[in-house]
Amino acid sequence: MADLDTLKETKEYYLDIPQKSEAFFLKGSNALDWGMQNRLARIFNPKTGRTVMLAFDHGYFQGPTTGLERIDISIVPLAPYADTLMLTRGILRSTIPSSSIQAIVMRASGGTSMLKELSNEAIAVDIEDSIRMNVAAMAVQVFIGGEHEKQSIINMTRLIDQGTRYGIPTLAVTAVGKEMVRDARYFRLATRICAELGAHYIKTYYVETDFETVTASCPVPIVIAGGKKLPELDALKMAYNAIQQGAAGVDMGRNIFQSEAPVAMIQAVRGVVHENETPEKAFELYNTLKAEG
Ligand code: 5RP
């Protein structure tokens, strides 16, 4: 039993030091609840304000994508280098060790395959299941200008409402139909609509011209998708330009897992995102790590 005689009588209240009230580090996220901010701080590194999300949810509409045929072999070894894993609940439960410490961003929309009209999606995961899987955020596809634009926007707002009840942020993924022009004008429109309707952060594509106007006009953080596989140096240049023009990270899939050396590539991407490394320096790192095998 504790010896009560040794209890100190004097107490220190630091009356001359006001309690700190720190602003949350992420753009547009200061007014969010504690749980919501805490989850965002698991996705975005509080030291850099940025994230390297590894995206491998492609199978939810296109089946075993090249590089994702065996996620246990190709992706699980990459996980320690990512801040966040973006995936489906099927892959999480079947293939990802539950001891993983990376933040999980769960694909929560679906319902169509690449053989049909992709914008015809619905919410595909119950909020209870997202809570059960301890996700850091839920991701929903939004098809601005697409055939089922309204339905996809309502999927997003429903998910935001459900997530807000439990402190789970929503990532809006701007999906561009084949017939649409991928330019800054389109992405300003798409990202801003998602943010205005409550998305906590937004994934979009990088565009060569005026990308900084997309990040400037979006009041919450933007991460970029990698898109089709490029030569490694070009992918690093794209990531670098996006970061320097205001993106808060990447949500990259094919340019990592389809690389000749995925473990080297994800570390090179980390250099660009978290260390402001130039693409050339990061490419040197890629080649060194690749040579080391
Ligand atoms: C699928 C997605 C993917 O996660 C996204 O496209 C990122 O992967 P990649 O870098 O391969 O484009 O949202 O709809």
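**Ligand site**

I started at the ligand and found a polar side-chain atom of R254 2.7 Å from one of its oxygen atoms. I count a polar contact as a pair of N or O atoms within 3.5 Å; within protein, one must be able to donate a hydrogen and the other to accept it, and residues adjacent in sequence count only if both atoms are side-chain atoms. The protein covers 96% of the 370 Å² of accessible area that the ligand has on its own. That area comes from the Shrake-Rupley method with a 1.4 Å probe; for residues, only the protein chains shown count as cover.

The model is predicted: local features need pLDDT of at least 70, side-chain atom pairs count only at pLDDT 80 or more, and totals for chains, interfaces and linings use all residues. Residues are numbered from 1 along each chain as its sequence is written, and side-chain values use heavy atoms, with hydrogens and water left out.

I then looked up two further ligand oxygen pairs. For G227, a polar backbone atom is 2.9 Å from a ligand oxygen. For R107, a polar side-chain atom lies 3.3 Å from a ligand oxygen.

Which residues come nearest to the ligand? Of the 15 around it, they are D57, H58, K203, G253 and R254. Near here means a heavy atom within 4 Å.

I also checked the pocket list: the space taken by the ligand is the largest pocket.

**Buried entries**

Next came S130, in helix α5, residues 127–132. Helices (H or I, at least four residues) and strands (E, at least two) are DSSP runs, numbered from the N terminus. S130 counts as buried because its relative accessibility is 0%. The classes are buried under 20% relative accessible area, exposed over 50%, and partly exposed in between (1.4 Å probe, protein chains only). Leaving out residues up to four places away in sequence, S130 touches V125, V135, M138 and I168. Contact means heavy atoms within 4.5 Å.

A82 sits in the loop between α3 (71–74) and β2 (84–87). Its relative accessibility is 6%, so A82 counts as buried. Beyond four places in sequence, A82 contacts V52, L54, Q102, I266 and R270. I took one distance: A82 and P231 are 149 residues apart along the chain, with 20 Å between their C-alpha atoms.

F24 belongs to the segment before α1 (34–43). Is F24 buried or exposed? F24 is buried, because its relative accessibility is 16%. Not counting residues up to four places away, F24 touches S29, N30, Q37, L40 and A41. Its C-alpha lies 9.8 Å from that of N38, 14 residues apart along the chain.

**Loops and phi**

I went on to backbone angles. Most residues other than glycine have a negative phi. N134 has a positive phi, near 55 degrees. N134 lies in the loop between α5 and β6 (137–142). With a relative accessible area of 49%, N134 is partly exposed.

D210 also gave a positive phi, near 65 degrees. D210 is in the loop between β8 (201–204) and α8 (211–216). It counts as partly exposed because its relative accessibility is 39%.

My last entry is S98, in the loop between α4 (89–95) and β3 (103–107). Its relative accessibility is 80%, so S98 counts as exposed. S98 and M133 are 35 residues apart in sequence, and their C-alpha atoms are 9.3 Å apart in space.

Definitions and conventions: On a 1 Å grid over the protein atoms alone, a cavity is a set of points where a 1.4 Å probe fits but cannot get out, and a pocket is an open set with protein on both sides within 12 Å along at least five of seven lines; lining residues have an atom within 4 Å of a point. A molecule sits in a cavity or pocket if more than half of its atoms lie within 2 Å of its grid points.
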